[in-house]
Amino acid sequence: YSLEPCFAIRTRLSHFRAWLRTSNVAASGFGFGRDCNGFTDYRHFNQLKDVKADNADYIMMHCENVRIDNLVLNGNYSFQYTKNVEIHNSVLNTKDAFWETDNVTVYDSVIKGEYLGWHSRNLRLVNCHISGTQPLCYAENLIMENCTMGEDADLAFEYSSVHATIKGNVTSVKNPLTGRIAATGYGEIILDEYKKAPGDCEIVTV
């Protein structure tokens with residue numbers, strides 16, 4: 001891409017379609033209005049800083065090469081099908097987030113919402129707090145470093161390959177595929193007849 005970047009600083013956008021399919025966008029001090037479902041669909045090479053987005057379903061879907069700092073998001077189905085995304089210092093209130101993503105890393109953030117990270121590849125969570133039922137299932141090469149999990153984050157890691165270090169307790173772990181999960185304690189570990197091969201995930205208390 002040889003286009004010069006488009007910048008939006010301390011701006012409020014009332015309708016997301018104004019920027020659909022644009023490229024090389026950097027935004028700072030940004031606020032979205034109510035009708036911003038799907039904002040930034042199919043955009044590339046984005047930088048967002050100090051952004052608040054409300055009622056923002058499908059935000060950042062299909063985006064690539066994105067760096068975000070201090071995003072406060074209220075909206076579902078966010079970051080689906082994204083690639084090469086890095087997020088810092090954010091609060092994401094969103095269900096079905098990070099589905100089928102590639103190479104996404106989230107640092108020092110809070111993620112609230114069920115069914116987080118299903119079918120993701122190379123999702124890495126560092127110093128994050130995770131809440132919501134059935135998080136991080138069907139994931140490939142999931143990494144969690146120094147994370148915490150809410151009481152409602154039950155039935156985690158089903159059919160995932162995972163390497164996780166978790167501070168505190170995990171409500172329940174169900175049928176992880178392989179890897180290692182280390183936590184302070186577990187309410188329940190479910191390894192039932194529906195466990196899939198290799199089924200050799202090490203689950204330890206530290």
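These legends accompany close-up views of a predicted model.

View 1. In soluble globular proteins, nonpolar side chains tend to be buried together. For a closer look, pick out M144: beyond residues up to four places away in sequence, M144 touches L125, F157, I130, L136, M149 and I166, together with H163, A164 and T165.

View 2. How many disulfides does a search of the whole structure find? The search comes back with zero. C128 is in no disulfide, and its nearest cysteine sulfur, at 5.0 Å, belongs to C147. Likewise, C147 is in no disulfide, and the sulfur of C128 is the nearest cysteine sulfur to C147.

View 3. The model has six aromatic pairs. Y115 and W118 make an edge-to-face pair, with 5.4 Å from centre to centre and 70° between the planes. Y115 is partly exposed at 27% relative accessibility, whereas W118 is buried at 14%. Next come Y138 and Y159: their ring centres are 5.8 Å apart and their planes meet at 50°, so this pair is tilted. Y138 sits in the loop between β11 (129-131) and β12 (142-149), while Y159 sits in the loop between β12 and β13 (161-166), so the pair ties together parts that are 21 residues apart in sequence. Y138 is partly exposed, with a relative accessible area of 30%, and Y159 is buried at 13% relative accessibility. Ring pairs join Y115, W118, Y138 and Y159, along with W99, into a cluster.

**View 4. A lysine over the ring of Y159.** Staying with Y159, look for K196. The charged end of K196 sits over the Y159 ring, 4.5 Å from the ring centre.

View 5. S161 is found in strand β13 and counts as buried because its relative accessibility is 19%, where the cut-off is under 20%. Which backbone atom lies 2.7 Å from a polar atom of the S161 side chain? It is the backbone nitrogen of N141. Setting aside neighbours within four places in sequence, S161 is in contact with N141 as well as A139, E140, L142, L177 and T178.

**View 6. R124 in strand β10.** R124 belongs to strand β10, which covers residues 121-126. With a relative accessible area of 26%, R124 is partly exposed. The R124 side chain makes a polar contact of 3.2 Å with the side chain of Y107. Apart from neighbours within four places in sequence, R124 is in contact with Y107, V104, T105 and V106, and also with I143 and E145. For another reference point, the C-alpha atoms of R124 and E86 are separated by 9.6 Å, and these two residues are 38 residues apart along the chain.

Technical notes:
Residues numbered from 1 in each chain as written. Predicted model: local features only at pLDDT ≥ 70, side-chain atom pairs only at ≥ 80, totals over all residues. Heavy atoms only, no water. Contact = heavy atoms within 4.5 Å. Disulfide = S-S within 2.5 Å. Phe/Tyr/Trp six-rings, centres within 6.5 Å; stacked < 30°, edge-to-face > 60°. Buried < 20%, exposed > 50% of the residue type's maximum accessible area, 1.4 Å probe, protein only. Helix = DSSP H or I, 4+ residues; strand = E, 2+ residues; numbered from the N terminus. Lys NZ or Arg CZ within 6 Å of the ring centre and 35° of its normal. Polar contact = N/O pair within 3.5 Å; in protein donor to acceptor, adjacent residues only side chain to side chain.
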